[in-house]
Amino acid sequence: MQERSVLVIACGAIARELLRIRDMNGWQHVQFQCLPASLHNSPDRIPGAVLEKIRAERDKFSRVFVAYADCGTAGELDKALEGTGVERIPGAHCYEFFAGRDVFFELAEEEAGSFYLTDFLVQHFERLVIQGLGLDRNPELAPYYFKNYKRMVYLAQAGSDKLQSMAKSHADRLGLEYIYLYRGDDPLRALLTPVLENSEAVT
Amino acid sequence: MNDQYDDIVLAELSDEELIEQMYDDLYDGLADEVAEGTQILLNRGWDATRVLEEALVAGMTIVGVDFRDGILFVPEVLMAANAMKAGMALLRPILVETGAKPVGKMVIGTVKGDIHDIGKNLVGMMMEGAGFEVVDLGINVEADTFVAALEEHRPDILGMSALLTTTMPYMQVVIDTLKKQGVREQCTVLVGGAPLNEEFSRVIGADAYCRDAAVAVEVAKSFMADRA
C-alpha cells in the first residue's frame, strides 16, 4: 500500500481540471486514474467500469474517491458504490459541479433549453456530440435533438480565446444563442478540497 | 441491409416480399421507400389498418427490440421513426376518414423544466402506430396543464417523460395534483425517461415505468386489456 495515498478514479473528460487543482493545492498524495471520456455518451457503462477499477486498485491505496457525479446513471453509480465505502462528487453531472450548484440551477431556471459545454466538450464536440449523436451520418436528425434548445452555455474552466472561438462556432452551427460563462476551477475545487485536502483525515 | 437495393423495384414484389422489404426499409430509415411501399399496399386494396399493423407496426417492433437489446442506438431509431412517419402520413387521413376506432387514448408530455422530447416523441409515434389516439402536450408541461388535458380529452393513459434527475421529481407534483383534483383514478399513469426506474415509478405513485417506447406500447396494451 502506498502510505496515505489517495486514488481518484475520474472521468477522462475532467482530467485536465483535476490535475490543475491537484497541482494548485499541492496534493502530492493524490493520484488519478481516468476512465474513457467516451463513457459520457454511455452512462449505463459507468457504474461497472468504476466498480471494476475500485476492485482492482483499492488495496494499493489508503483511500479511493470517485470523481464522477451521477452523470446520467440514474442512481446506479450510487448503488454500485454502496458498501464499498467510496464516495463520489455530489450532484447530477459535470455541468453542475463545474458551474457550482446554485449557478447551475439559476441557469436551468432561466432557460430550460440550455445546452451546456465545458472546455473538454468544446474541444471534442465533433467526436462526442456530432458523431455521438450520429449527426455526421445523418445531419437531418439535428432538429430532432436540438429543436427545443434555445442557447448554448459554455461553462468555461480555462476558457482560452481559441476555446471561446470554437464554442461560438459550435453554437452557430446548431443555430443556438451563445452564452459564455467563465467559472474557472473554483466550484469543483471547493467540492474536492474537504475530501482530498488531508489524506490522514480521510483514511 | 441489402447490397442489391438499387435493383429492387418495390411494385414488382409480392405482398409478402414487399412487407419483408418494408421491414428492412424501416430498419434502415428509408422514408421514401417506406412511403412508396405503403402506397403500393393501399393500391393493392389493403385497408389502412392492415398496412399499419402488418407493415409499419410490425417493422417498428423489430426496431424496438433491437434498440432494447443494444443493437440499434438512438440515431438509427430516429431514422426508423422518421420513415414510419412517412408511411403514417399516408395512412392517417384514411384511418380518420374510415372512423377506425382507436385502441385507446393517451395524453403525453415532458414535465416542467425539461425540454427533452425525443423519447416522448418515439413513444407517441409507437403508440399511434399501435392504434392509440395520442394527444401530445409537448415539453415543459405544468401540472395544471396535465390536469386540464385530462378533463378535456378523458384519456385512458397519461404518459410523462423526463430526462433530467433535476426534473423527474416534478412527476410526483403532477401525480399529487391529479390526486388533489380527484382525477388520478381516471387514467393509467405511465412514466419514462433515462434517469427513472421502477422503484421511482412506484414511489411517486405511477402505475408503471416504461424503459423504452416498445415497452410503453406493450404496457399500455396490457392496461387496456385489463380495463376491457
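A salt bridge is a side-chain nitrogen of Lys or Arg within 4 Å of a carboxyl oxygen of Asp or Glu. In the predicted model, R184(B) and D207(B) form such a pair, their closest N and O atoms being 2.9 Å apart. R184(B) belongs to the loop between α7 (170-180) and β4 (188-192) of chain B, whereas D207(B) belongs to the loop between α8 (198-204) and β5 (208-209) of chain B, so the contact ties together parts that are 23 residues apart in sequence. R184(B) is buried, at 7% relative accessibility, while D207(B) is partly exposed, at 36%.

Over all chains, the structure holds 19 salt bridges. Among them is the pair of R88(A) and D78(A), in which the closest N and O atoms are 2.6 Å apart. Because R88(A) lies in strand β4 (residues 87-88) and D78(A) in helix α3 (residues 76-81) of chain A, this pair ties together parts that are ten residues apart in sequence. R88(A) has a relative accessible area of 18% and is buried; for D78(A) the value is 31%, which makes the residue partly exposed.

A further salt bridge links R137(A) to E76(B), with 3.8 Å between the closest N and O atoms. This pair crosses between chains: R137(A) is located in the loop between α7 (125-131) and α8 (142-146) of chain A, and E76(B) in helix α4 (residues 74-97) of chain B. R137(A) is partly exposed, at 48% relative accessibility, and E76(B) is also partly exposed, with a relative accessible area of 25%. Through salt bridges that share partners, D136(A), R137(A) and E76(B) are joined into one network.

Note on methods: Residues are numbered from 1 along each chain as its sequence is written. Chains are lettered from A and ligands numbered from 1 in the order in which they are written. This is a predicted model: local features need pLDDT of at least 70, side-chain atom pairs count only at pLDDT 80 or more; totals for chains, interfaces and linings use all residues. Side-chain values use heavy atoms; hydrogens and water are left out. Helices (H or I, at least four residues) and strands (E, at least two) are DSSP runs, numbered from the N terminus. Buried means under 20% relative accessible area, exposed over 50%, partly exposed in between (1.4 Å probe, protein chains only).
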